[in-house]
Amino acid sequence: MSESSLWRNIIVNVDSYKNAHYGMYPDGTEYVSSYVESRGGRFPATLFVGLQAFLLEYLTRRITIDDINDAEAVHRPMGIPFNRQNWIDLLNDHDGYLPIEIEAVPEGTVVPTGNVLVQLVNTDPRYPWITSFVETALLRGVWYPTTVGTLSWTAKQLMKGFLERTSDHPEAIRMYLHDYGNRGVSSLESAGLGGMAHLVNFDQTDTVPAYVAARQWYNAAAPNGSAVFQEHSTVAAAGRDAEADTFRSLLKFPGVVVAGLLVDTFDHDRAVNEILGKEMHDEISQFQGLVAVRCDSGDPIKVPVDTVESLMDSFGYETNGKGFKVLPPNIRVIQGDGLTLDTYVAIYTELEARGLAADNVLCGMGGGLLQQVNRDTLNFGFKASAMRINGEWRETVKAPTGSAMKRSKGGRLALRYTDGTYSTVPRDSIPAEENQLVPVFRDGKMLRQWDFTELIERSERPTPESYYSGVVQGVAGVH
């Protein structure tokens, strides 16, 4: 058995109990139609992204006899009723490609929760069980990047408001949230998928796998790369007395355009007020690039805003066209520690309250962006909604008495868009050309592939404020 090949083997990318379901459908079952939706949660709408990456990585890969042998060797010791013949038949009948058709809303689209995002059905009546067999893998491949992308998109919509009210340059929106989540996420693939979803909304990232994913699966151009930042080891190595020298070494580093000076290694206030503000005042003022003063400890709301005011005391400020104070254009503050959506918004709320433009602070988010989400953040579900049994389509609905949220939709579905509003309707109730679900995959082949620029363009279309308002919980300490 090749252990490495198991990670791309769709037969083991499954919850174990799925293996027995082939024998549990009613006699005469020919087709099973299932769908994916966000049933609601923290965010009122979803930025849909990630399905194409999953399809290209997993479902365009044919199953081989080695995959079947490897899967059997995994399942049988676990006591799972593995039906080897099902997979042998599929290998012979379809050359190892899954007989499934998948349609989805175009990626990058922002859709209110409670609507169908993906719909799939088997294409061969001999394999009705295959639709639900892929639930585990497909749902994981969709809920995670969509949830991260939605969080990032929501941050962007809220940031637009701050820039429109306090800045002369709201067009610079895509630089105002940097992805620092690479080391705080659960896996390399998560870093790639979540970081890729963030890049739909913002250009800034330190997460190299994000660009790898966006380039590999969506033909993305390179994002604006990260600045050249210090880390604590590079400052601490020289010692407290040589802290200024470490700052100077970065300002003189070849090719540096953005110099990230880390000011909390020893004494934040001394570094900002004495070293930068006095000892290095002229060097910083004359630096041809951007000096990014990075705060990395303390209160994540108060410290960066206080730092802006301290730098203004040393370097001065201008008052922009909207009446807000702005640091000299080559000096900004960076806050990347301890941020979530709530604290991110709270920083800019505090800046605005003090009469300071949003331009003064650039933020990065790590675990709060890529890791502090789960399937229940948006209550993602994958449910069967219709089955064709002995030639007749029947609705299949889950209707638990204990949870209205978990009631599923019935029938073959379509997504309608009229007068700026999305709604999920019966498939046969509207003309096919009005259905926003687009066929993207059939029998192992991609029918449609989206370019990353298309995702960005769709994500930036105007949306109602109701799609993102009310999601910030409020943070103590904001004045």
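Lining the second largest cavity are Lys18, Asn19, Tyr22, Asn83, Asn86, Trp87, Trp129 and Phe133. A cavity here is a set of points, on a 1 Å grid over the protein atoms alone, where a 1.4 Å probe fits but cannot get out, and lining residues have an atom within 4 Å of a point.

Before going on, a word on the model: it is predicted, with local features needing pLDDT of at least 70 and side-chain atom pairs counting only at pLDDT 80 or more, while totals for chains, interfaces and linings use all residues. Residues are numbered from 1 along each chain as its sequence is written, and side-chain values use heavy atoms, with hydrogens and water left out.

The count comes to three cavities of 30 Å³ or more. A volume is the space filled by probe spheres set on the points, which are joined across faces, edges and corners.

| Cavity | Volume | Lining by class |
|---|---|---|
| Largest | about 50 Å³ | eight nonpolar, one polar, two charged residues |

Residues around the largest cavity include Phe48, Leu51, Val105, Met446 and Trp450. Helix 2 (residues 51-59) gives the most to that lining, with three residues. Helices (H or I, at least four residues) and strands (E, at least two) are DSSP runs, numbered from the N terminus.

Seven strands form an open sheet in the order 7-6-14-13-10-9-8, with parallel pairing. Strand 7 (204-205) and strand 8 (228-229) are at the edges and have a single partner strand each, so one side of each lacks a neighbour in the sheet. Strands pair if DSSP finds at least two bridges between them; strand 9 (residues 258-262) and strand 10 (residues 290-295) run parallel and are joined by five. Glycine 260 sits opposite alanine 292 in strand 10.

Finally, two residues. Threonine 377, in the loop between helix 15 (367-370) and strand 15 (380-389), counts as buried because its relative accessibility is 16%. Aspartate 313, in helix 13 (residues 302-315), counts as exposed at 70%. Buried means under 20% relative accessible area, exposed over 50%, and partly exposed in between (1.4 Å probe, protein chains only). Leaving aside neighbours within four places in sequence, threonine 377 is in contact (heavy atoms within 4.5 Å) with Gly40, Gly41, Arg42, Phe43 and Thr147.

Key:
1 Å grid on protein atoms, 1.4 Å probe; cavity = no way out; pocket = protein on both sides within 12 Å on 5 of 7 lines; lining within 4 Å. Nonpolar A, V, L, I, M, F, W, Y, C, P; charged D, E, K, R; others polar.
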